[in-house]
Amino acid sequence: MTAITVSTAFSSGRVQLVNVRQLSLLTARLRVLWVAGVFTLVALAALARIAVLGLVEQAPRPQSMSEALLPPRGEITDRNGVPLARAFPAYALWFNPEALGDGGSALVRSPGEVAAELAKIFPDMDRTRLAARLKSGKPGYLRRRLLPEEANRVQAIGELALEIPRENDRYYPQGSMAAHVLGYVGSDGVGRVGMEAVLDKQLRDPALRGQPASLSIDVRVQGALEDELRQGMLATDAVGSAGIVLDVDSGEVLALASLPEFNPNQIDAKGASMMFNRMTNQVYELGSTFKPLTIASAIDAGVVTDLSRRYPSGAPLHIGGFLIRDSHNLGPSLNVPEALIHSSNIVTAQVADLLGAKALRQTMVDLGMNERPYIELPARGFPIWAKGEWPRLRAMTVSYGHGIAVTPLHLASAYATLVNGGIWRPATLHKLAPGQAPRGRRVFKSSTSSRMRQLLRMIAVYGTGRSANAPGFRVGGKTGSAEKPGHGGYNRSSVVATFAAVFPMDRPRYVVLVMLDEPKGTAASSYQRTAAWNAAPIVGKLVPRIGPMLGIQPDETRDIDLSDLKPLVAGDKE
Amino acid sequence: MSASRPYVPRFGEKAPTLPAMRRNRRAELKIWWREIDRPLLVMILLLMAIGNVAVAAASPASARRLSTSAEHLPDLYFWTTHLRWQFLGIVTMLGASMLPRDLARRAGIVLGLSMMGALLLVPFIGHEVNGARRWLNLGFTFQPSEFLKPAFAITLAWILSWRVRDPNLPVIPMTAGIMGLTGILLMAQPDFGSTILFAGVWFVMVLLAGIPVQRIAIMGAAGAVMIGATYLFYDNARHRIDSFLGGGEAFDQVDLASRTLLAGGWTGSGLWLGIRKLSLPEAHTDYIFSVIGEEFGLLVCALVVMLYLAIIVRVLVRLVGEEELFAILAATGLAAQFGGQAFINILVNLQLFPSKGMTLPLVSYGGSSTIALCLTIGFLLAITRRNPYLTRDRFNFRAALGLGPRKSAARQVGRVASKEQAR
């Protein structure tokens, strides 16, 4: 009996204990999971912090001494080593109101006194505005570029809040020259627009940036081109102009300009609006400058075998409800040289018709007119190119440069092909060592090219290009004055005047292409808007300036032999 | 009848001895290998390997820094020394892990008592370095607070688990008293970082012991007050917290550490190729995580963080299936000790926590601390040993959350009781 009582009392105690044990185990097991959860959260926070640090925070850049001696960004030079863009470690003047670090006033002396001291160093800064600026206590630049002696004098003021951080700046010693070729460097240190963008990686690479990057540009030629273009543009009140000097044998660009230009040293909203490159990015219907391409294609294909053959030119051509006419009546009939000299749309269209749409289209494709121009610059315009098979009318309009819109650079490369023996090569802004020129592709036969040299020279001697015929430089070339397409057809009053020239014609070396966008008839152009009166004279003045720089001396005793073609146009001149 | 009666210890009567298997050393090793948490052991050894490489990376920086004109330390001085400590540590760890659970508990308690005694001696005969009196010199120099760490968790777990025997024992106030005494002794050194760590471990264990939620809130408030008081009365802590909140000066320790951490980018500069570490004080101890960042990259840093997390989660998740309260408490306490120290150090290096002066466990260079941490892990391995052939109660999540089945569990217990009563 007693054993049972003992047993009962004992077991009820044990029951309670079992219960307690069960409950505390349950709680402990659950709360172990809490602890695990907290540790997981902490670890996730640490991982997130690592990710943030790795992605966002600026790691201190490892820098070796040899690297410190290199320019922070490589130089760009022209083909002769003249600097076009340099790394320029500059001082800036920064106002740091926290510099004293005691939470009190930012300056030791009064803002007025400090402003007076600063105005003594920088007379162009406004004293009262500077004082207000210092008083406001907002951090910021007071001035972007300081000369070293100015920096010393600012230091001598003795205000900790005036900090003089060294900043790596890009300096373009030639100012706005070749701005579209060079581009600029943004405040983030990344190159924009021109070769600064193209060469960005190379210019920043520690292994490569010690060596300057040589461009194909020749600063002297570039300067002359920009000067003549600007004069011509201002004289004719054009909205813009573009020009290029291209080596016909290697494709190197010796000068490339688009006006109006910007100053890469000082990028502002106005500058940003000028960054558009008319030479490589804007497509135009370039008009009559296409005629030599059509004729060359026809000669090459054996369609034009007899240059004395005459084509009717008395009446406009009616093709499928479309009228092809000349600027004025050029007489009842013309042969091919005459058609080029007088720039006859009617005759060129007939030749193109004989040639056929397919063959003309193929020539244009071979000349790269159906894709963006070949050059390193990032801004390259896509041509307006009719897709598929061309109908008869399309071929006839393309033959005189309408119904196809390309960049002036396309045309310059095509002219190089026309005269260099018929090899098309991409244009490049990199300096090429002798023998490094790309092989290119053959578009015209060498014989065709020889014939075209004669014909282009004749245009400058007898035809619309006479004012480009600089004495002794054997210039040849073709004018083009295309009306710009406007609302509902072509706008007769706004034209694109182009002169595509080559010199010296007896042994062609350089293509010089000049284009004026919407020139007006002014006194300087004898109140004419056509290329013969505005673009051709620019070339006429430019060639004598750049010829000697490029090793081509004027020589009245040398010229291409025109004696076999002269009789065909002798009736006109001389 | 009497056969069903349980054994009640009373004077003059011995517990019946269970038939035991004859064991020799080889069999014990086999059993040890079967029962030990092998993935945990692998992760710990991996961590120690990382620590070995990291100390090799940091050693030149600290050796050059601590060389004087009188004594030149070779570049790999700390690494070669560390190798010795790691070897001793691994021996300690494996030795401790071979203890049976009961023996581990007793060892922990004895160690805890002796280290408390040593800690009491520190203010009187302690050895002062850098303005802190933390070391005892008994022929060899050691830091009692380091060895108190593993013992502390085991002792507290032992005390807290008394509650299962007698629910009326005031176990939580008892541990609070021990914690208070330890805290005072540590702050006398002064060692704010260790105090925080001990308090954290105590809090985790008390939490597991079933303290009600509203009391947790009260303790949180008390903790905030304590930290506030520390801030007001303990200069070093104030400076560190100030510099953490204020961003600090340009070239203070934390800033140097952050520069070092980021210098290698994602993939690091490579072993012995770091430069920033050379200007970093305590490169081989407190800021070794930053050295890992410079030489091996942020990705390896993330890997280290994940390795610590994996170790802790592995221990804790396995504990959910444990049936002995002491084991749960002790193992969680040890894991919290280890993980808490690791994450405080990592967060300091990542500038998410004020500078503490705490090493990265098993990675940083250290004598006392490496041995003590290996002992911690050894105890942890010993306590988490389990026979893989025994099946255990599954963790009843709903019951733990206080949902339906808990009642049924109580009812079941009640039913057993009534059955027994009916008998």
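This is a predicted model: local features need pLDDT of at least 70, side-chain atom pairs count only at pLDDT 80 or more; totals for chains, interfaces and linings use all residues.
**A helix, a cavity and some ring pairs**

α5 of chain A runs over residues 148-157, and its buried residues are A:E150, A:A151, A:V154 and A:I157. These four sit on the same side of α5(A), because they cover an arc of only 105° around the axis. What does the face turned away from that buried side carry? There we find the exposed residues A:N152, A:Q155 and A:A156. After the helix comes A:G158, and the phi of A:G158 is positive, near 85°.

Next, the empty space inside. Rolling a probe the size of a water molecule over the atoms shows where such space is left. In this structure there are 3 cavities of 30 Å³ or more. The largest cavity has a volume of about 50 Å³. Which residues line the largest cavity? They come from chain B: B:D286 and B:Y287, then B:I344, B:N345, B:V348 and B:N349, and finally B:S355, B:K356, B:G357 and B:M358. Sorted by class, that lining has 4 nonpolar, 4 polar and 2 charged residues.

My last topic is aromatic rings. A pair of them is described by the distance of the centres and the angle of the planes. How many aromatic pairs does a search of the whole structure find? Over all chains, the count is 13.

I picked out two in chain B. Are B:F78 and B:Y365 buried or exposed? Both are buried.

The other pair is B:F142 with B:F147, which is also edge-to-face. Here the centres are 6.1 Å apart and the planes make an angle of 65°. B:F142 is buried, and B:F147 is buried as well.

Back in chain A, ring pairs link A:F473, A:F503 and A:Y510 into a cluster.

That is what I have for today.

Key:
Residues are numbered from 1 along each chain as its sequence is written. Chains are lettered from A and ligands numbered from 1 in the order in which they are written. Side-chain values use heavy atoms; hydrogens and water are left out. Buried means under 20% relative accessible area, exposed over 50%, partly exposed in between (1.4 Å probe, protein chains only). Helices (H or I, at least four residues) and strands (E, at least two) are DSSP runs, numbered from the N terminus. The arc is that of the directions from the helix axis to the C-beta atoms. On a 1 Å grid over the protein atoms alone, a cavity is a set of points where a 1.4 Å probe fits but cannot get out, and a pocket is an open set with protein on both sides within 12 Å along at least five of seven lines; lining residues have an atom within 4 Å of a point. Grid points are joined across faces, edges and corners, and a volume is the space filled by probe spheres set on the points. Ala, Val, Leu, Ile, Met, Phe, Trp, Tyr, Cys and Pro count as nonpolar, Asp, Glu, Lys and Arg as charged, and the others, Gly among them, as polar. Rings of Phe, Tyr and Trp (its six-membered ring) pair if their centres lie within 6.5 Å; planes under 30 degrees apart count as stacked, over 60 as edge-to-face and the rest as tilted.
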